[in-house]
Amino acid sequence: MKRREFTRSMLAASAAAALPLPQPVRAAGTARTAPLKVNGARLNDHLTKLSEFGKNPQGGVSRVAYNDADKASRPFLMQLMRDAKLDVSVDAAGNLVGKRAGSDASLKPILFGSHTDSVPFGGNFDGDVGSLGAIEVAQTLSEQHVTTRHPLEVVIWQNEEGGLWGSHAATAVLGESDFAITNSSGRSVREGIAFLGGDPDHLERTRRAKGSIAAYLELHIEQGGVLEKEHLDIGVVEGIVGIHRWDVTVTGFQNHAGTTAMADRHDAMLAAARFVDAVNRVITSEPGRQVGTVGKLAVFPNTPNVVPGKVECTLEVRDLDAKKIDAMFLKIEAEAKKIGAMNGTTFAFKQVLDNVPAPTAPAIRAMIAAAAADLGLTHKTMPSGAGHDAQDVAQIGPVGMIFVPSVGGISHAPNEYSKPQDITNGANVLLNALLKLDAAP
Ligand code: HGY
Ligand code: MN
Ligand code: MN
């Protein structure tokens, strides 16, 4: 379903202008010199414990949104949030929200968090590092008796992997086709929200207006190999790619695999195979960082002695520039028409996702870089090739993202891994960037 267009770059720029560079952070009563630090051992222990929910025998995790493991992990997460002295609730969209009062209730809240749902047979760090890192930051603030000026909200967004649905429900209006989208749990977004304890008929209770938050910060694994290759500790995210996704149906003519001459076939599988190749050709036909993927494919009737009459697959195109995504799609669609004409098959495209690109706020990028520098950590500014909840939250306020290295650049796979020290570094940057944000007049 096409998502609401949004003049995000204007909002991010104006919000960034309103957030001048940070003043030195002062703890109540004393001048703070050394940066505050989290309890890295506790954070990494929590990650290990979370990995038990949906654990696969061959390693990795299948804590897919709305499945039993996803639901079973939530009491554990809510207890960690309570241990961090947060006031915990499940919002109408099924997101977990942990609130912490600030000294000035008139200020807008600073949100920080991520997601804990995974892809099927995924890893134990995507989303988990930012979610548990946020809880650890809250617990450290509580243990160090630090009261921030702004109210704080730790948010664990539901169903990020299926399309950022938790953060989308909090920042925009879901349409019926959105509610109907299902994932491998077998539940639709509507059923899943209810399954997690939300109320899909009253999402207005959780929706936040533009300008209703001071800022949003998200710590996340890079999911790529740049930081590791360049031996850097921290990524300061400049922007998050837009993600457009389609369900593609290739229709041919089902027939006998023995008696149907090759020239007489309308083979949907052959057309689909040519389509997959065409996507790769179009995407790599021009310079840039765009990516295109056919990640899912089903053949009908999917049996050795029948010429396939239908193939259902997905198409996904990502780039920091939405116009480039649109242009790439038009070329891919034209190629599909040519392929269909070759063997009498047809292609139908149904757009199911339109996550628009989101720039982060320059002032928040500066605070993240300054926090990394204060901690003696190397860092660089870089784009995010993965989608994140931050790109939806950017519709209502300025956002910042912090990356930590992924070993081998591997993600969405059982061998996804980030080192405990890198995770601790990321949480320390999150903590200190938050304090800089909070101190900014
Ligand atoms: O698909 C993504 O980019 C994200 O990891 N959900
Ligand atoms: Mn993620
Ligand atoms: Mn992911």
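What follows is a tour of salt bridges, pair by pair.

A bit of housekeeping: this is a predicted model, where local features need pLDDT of at least 70, side-chain atom pairs count only at pLDDT 80 or more, and totals for chains, interfaces and linings use all residues. Residues are numbered from 1 along each chain as its sequence is written, chains are lettered from A and ligands numbered from 1 in the order in which they are written, and side-chain values use heavy atoms, with hydrogens and water left out.

A salt bridge here is a side-chain nitrogen of Lys or Arg within 4 Å of a carboxyl oxygen of Asp or Glu. That rule gives 18 salt bridges.

**Stop one.** Select Asp45 and Lys49: their closest N and O atoms sit 2.5 Å apart. Both belong to helix α2 (residues 40-50), and being four residues apart puts about one helical turn between them. Helices are DSSP runs (H or I, at least four residues), numbered from the N terminus. Asp45 is partly exposed at 33% relative accessible area, and Lys49 is partly exposed at 41%; the class lies between buried (under 20%) and exposed (over 50%), using a 1.4 Å probe and protein chains only.

**Stop two.** Now pick Glu176 and Arg190, a salt bridge with a closest N to O distance of 3.2 Å. This pair links distant parts of the chain, 14 residues apart: Glu176 is in helix α6 (residues 176-180) and Arg190 in helix α7 (residues 189-195). Glu176 is exposed at 54%, while Arg190 is partly exposed at 25%.

**Stop three.** Jump to Glu316 and Arg318, bridged at 2.6 Å. Glu316 is buried at 13%, and Arg318 is buried at 15%.

**Last stop.** Select Asp277, Arg281, Glu335 and Lys338 together: salt bridges with shared partners join them into one network.

How values were computed. Helices (H or I, at least four residues) and strands (E, at least two) are DSSP runs, numbered from the N terminus.
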